[in-house]
Amino acid sequence: MKIIFLGTGGGRFSAINQRRMTGGFRIDNLGGRNYHVDPGPGALVRTYQFGLDPRNIDGIFVSHAHTDHYNDAEIMIEAMTRGMTIDQGYVIGANSVLSGFESWGPCISRYHQSNSNVLELEAGDIRYFDNCLIKATPTNHGDPKGIGFQIEYKDFKISYTADTSYFPELSKAHQDADILIASVLRPGRKSIKGHLATSGFIKLVNEIKPKLAIMTHLGLKMISNNPISEAKRITKLTGVKTLAAFDGMSLDINYNNPARARIVSLKDVDAPYRGSNSKLSAYERKNTDKLAIKNRETDELDLIQRHRFQ
């Protein structure tokens with residue numbers, strides 16, 4: 001299994017100025033399936049930039065109705081469903097994202113939900129999908145229906161807090177996580193409403209004791225404060241190996257010992273439209289070509305015409 005960070009910036013101002021990318025992250029080869037979590041602004045472009053194929057995903061998760069988490073969801077769904085021409089994959093998200101709640105959302109149109117299995121979740125819900133179990137975890141954030149996720153595959157658990165402040169029940173919801181991925185917006189104790197700062201994250205890590213903890217969704221103050229130093233400090237204080245994710249970071253996860261995950265910095269391949277750049281790795285290039293042939297996408301006009309007259 002790999003966890004690939006296509007963007008580690010967070011918050012509206014970080015998203016606006018793109019000091020860090022905001023494409024969310026992928027979980028690849030989890031039981032043979034690939035999932036994209038919170039595809040914010042630039043997710044499609046960053047997928048190609050780091051040599052991946054947006055069509056090679058089996059599900060999209062959106063935690064809540066804020067632009068830095070859902071902006072590219074619809075185009076990623078179109079990639080997953082080959083331009084909305086086949087039924088494919090899962091769209092998993094909060095109530096506010098999929099149906100809308102008061103002034104929040106919906107963020108994904110009914111049209112873009114129509115070709116996939118849709119799981120609309122509220123905090124506490126537990127559902128099966130593919131070969132996994134997913135639990136929607138509570139958050140304390142601006143979107144009152146926002147959720148995090150805990151995904152379980154063969155007793156291995158990956159938790160993602162999404163955007164939330166610290167509250168005592170949070171650690172219970174993410175209990176027994178082997179890997180804890182958290183949105184940590186600010187360093188030290190400088191928290192703002194609805195978000196974790198380092199101090200709250202330290203409490204969370206101490207209470208959950210995951211085998212590996214990862215900070216992402218970093219705000220401007222965190223980025224300027226050297227997040228790697230913050231991660232080292234958290235590791236020392238908690239005894240849990242903690243990483244500050246960076247754009248293009250790929251982790252090869254050892255299920256038996258996640259703390260020994262191999263860190264790879266993906267190269268920027270500057271992939272152009274449709275991922276045909278010759279610099280793509282041989283594996284990804286072969287995979288892209290096979291997917292195109294398998295789904296008869298070598299002639300896009302013919303694909304559209306076939307779908308129109310079905």
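The crossing of helices α8 and α10 is right-handed in this predicted model. Helix α8 spans residues 198-208 and helix α10 residues 227-238; the two pack at an angle of about 40 degrees, and their axes lie 10 Å apart. On the α8 side, the contact is made by T198, F201, I202, V205 and N206, which meet E230, R233, I234, L237 and T238 of α10. By class, five of the residues in this contact are nonpolar, three are polar and two are charged. An α-helix has 3.6 residues a turn, so residues three or four places apart point the same way.

Burial within α8 was also examined. The buried residues of this helix are T198, G200, F201, I202, L204, V205 and I208. Among them, T198, F201, I202 and V205 also take part in the contact with α10.

The chain as a whole contains 12 helices and 16 strands. Eight of the strands form an open sheet with mixed pairing, in the order β6-β5-β4-β3-β2-β1-β15-β16. Strands β6 (117-121) and β16 (262-265) stand at the edges of the sheet; each has a single partner strand, so one side of each is left without a neighbour in the sheet. On average, neighbouring strands are turned by 15 degrees against each other, direction ignored.

Within this sheet, strands β1 (residues 2-5) and β2 (residues 25-30) run antiparallel and are joined by four bridges.

Totals for the chain complete the description. Of its 310 residues, 57% count as buried. The accessible surface comes to about 14000 Å², and carbon and sulfur atoms account for 48% of this area. Among contacts with a separation of 6 or more, 61% are between residues 24 or more positions apart.

Note on methods. Residues are numbered from 1 along each chain as its sequence is written. This is a predicted model: local features need pLDDT of at least 70, side-chain atom pairs count only at pLDDT 80 or more; totals for chains, interfaces and linings use all residues. Side-chain values use heavy atoms; hydrogens and water are left out. Axes are lines fitted to C-alpha atoms, for helices over the stretch in contact, and angles run from 0 to 180 degrees between N-to-C directions. A crossing is left-handed if the near helix is turned anticlockwise from the far one by less than a right angle, and right-handed if clockwise. Contact means heavy atoms within 4.5 Å. Ala, Val, Leu, Ile, Met, Phe, Trp, Tyr, Cys and Pro count as nonpolar, Asp, Glu, Lys and Arg as charged, and the others, Gly among them, as polar. Buried means under 20% relative accessible area, exposed over 50%, partly exposed in between (1.4 Å probe, protein chains only). Accessible areas come from the Shrake-Rupley method with a 1.4 Å probe; for residues, only the protein chains shown count as cover. Two strands pair if DSSP finds at least two bridges between them.
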